[in-house]
Amino acid sequence: MANKDERIVETRLGGVQLSDERVLTFPRGLIGFMGHREFTLLQIREDSPFLVLQSLTDPSLGLLVADPYTFMTDYEVLIGDADLRLLGVTDRQQLSILVTVTIPQGMPERTTLNLTGPIIVNNDTRLGVQIPQTEGRYPSHFTPGMTPPKKKSAFRPARGGAKGAPVVSDSTDETD
């Protein structure tokens, strides 16, 4: 039986007892799933780099996701000031970046990461947004092991984040 601050949810991986602090809220939903706002991250296996971003309202809706930095080190995400405000970001180290993953049945060697639609989560506020990357720098079907695209000099590293922070703001305001 679930405690007062926990609930039992049905998922693609079976029933899961879930504390309220594991609930992620997406105020705008996700691309293609705008009606779904509450999700959680479920680990598939302890040794797997993949997670399931599981809808809490629809047990059949679970997206395979991964931390892109497990597969490549040079990945930068543009996040606008409005999205940073929506997420309640006070420090860029609060953010986790996930990308959706496609693994064709029976063909794991054809696994691809969608680098054009990263999912950004503020780990402190438990808020998330999906932010399409419209500059065309990254492919929607990146195969792990491929050579990542070269950095463009137009990207300005984020200030206030970790050294080499992968998140960059699209703001031109120089007063952080």
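Reply: Happy to. Buried means under 20% relative accessible area, exposed means over 50%, and partly exposed is in between. Keep in mind that this is a predicted model.

Me: Great. So is Thr-125 buried, exposed or partly exposed?
Reply: Thr-125 has a relative accessible area of 35%, so it falls between the 20% and 50% limits and counts as partly exposed.

Me: And where does Thr-125 lie?
Reply: Thr-125 is in the loop between β9 and β10 (127–130).

Me: Which residues does Thr-125 touch, leaving out those up to four places away in sequence?
Reply: Leu-87 and Gly-88. With Leu-87 there is also a specific atom pair: the Thr-125 side chain reaches the backbone oxygen of Leu-87 at 3.0 Å.

Me: How far apart are Thr-125 and Val-89?
Reply: They are 36 residues apart in sequence, and their C-alpha atoms are 8.4 Å apart in space.

Me: Let's switch to Glu-76. Is it buried or exposed?
Reply: Glu-76 is buried, because its relative accessible area is 10% and the cut-off for buried is under 20%. Glu-76 belongs to the loop between β6 (62–66) and β7 (77–79).

Me: What does the side chain of Glu-76 make a polar contact with?
Reply: With the side chain of Arg-137, at 3.3 Å.

Me: Stepping back, how many helices and strands are in the chain?
Reply: The chain has 1 helix and 11 strands. Reading from the N terminus, the order is β-β-β-β-β-β-β-α-β-β-β-β.

Me: How do β3 and β4 run?
Reply: They are antiparallel: β3 (residues 24–25) is joined to β4 (residues 38–43) by 2 bridges. Thr-25 stands opposite Glu-38 of β4.

Me: And β4 with β5, how many bridges there?
Reply: There are 5 bridges between β4 and β5 (residues 50–55), again in the antiparallel sense. In that pair, Leu-41 faces Leu-53 in β5 as its opposite residue. The two strands are linked by a hairpin through 6 residues.

Me: Now the inside. Which residues have the most contacts inside the largest nonpolar core?
Reply: Tyr-75, Ile-79, Leu-115 and Ile-120, in a core of 19 residues. At least two residues of this core come from each of β7, α1 (81–87), β8 (95–102) and β9 (112–122). The largest share is from β8, with 4 residues.

Me: What does the second core include?
Reply: That one is separate and has 11 residues, among them Phe-39, Leu-61, Leu-63 and Leu-98.

Me: What share of the residues counts as buried?
Reply: 39% of the chain's 176 residues.

Me: Last topic: what is the average pLDDT?
Reply: The chain averages 82, and 80% of the residues score at least 70.

Me: Where does pLDDT stay under 50?
Reply: One stretch is residues 152–166, where the model has 30 contacts beyond four places in sequence. Another is residues 171–176, also below 50, with 9 contacts in the model beyond near neighbours in sequence.

Me: Thanks, that helps a lot!
Reply: Any time!

Terms used. Residues are numbered from 1 along each chain as its sequence is written. Side-chain values use heavy atoms; hydrogens and water are left out. Buried means under 20% relative accessible area, exposed over 50%, partly exposed in between (1.4 Å probe, protein chains only). A polar contact is a pair of N or O atoms within 3.5 Å; within protein, one must be able to donate a hydrogen and the other to accept it, and residues adjacent in sequence count only if both atoms are side-chain atoms. A nonpolar core is a set of buried Ala, Val, Leu, Ile, Met, Phe, Trp, Tyr and Cys residues joined through side-chain atoms within 4.5 Å. pLDDT is the predictor's confidence in each residue, from 0 to 100. Contact means heavy atoms within 4.5 Å. Two strands pair if DSSP finds at least two bridges between them.
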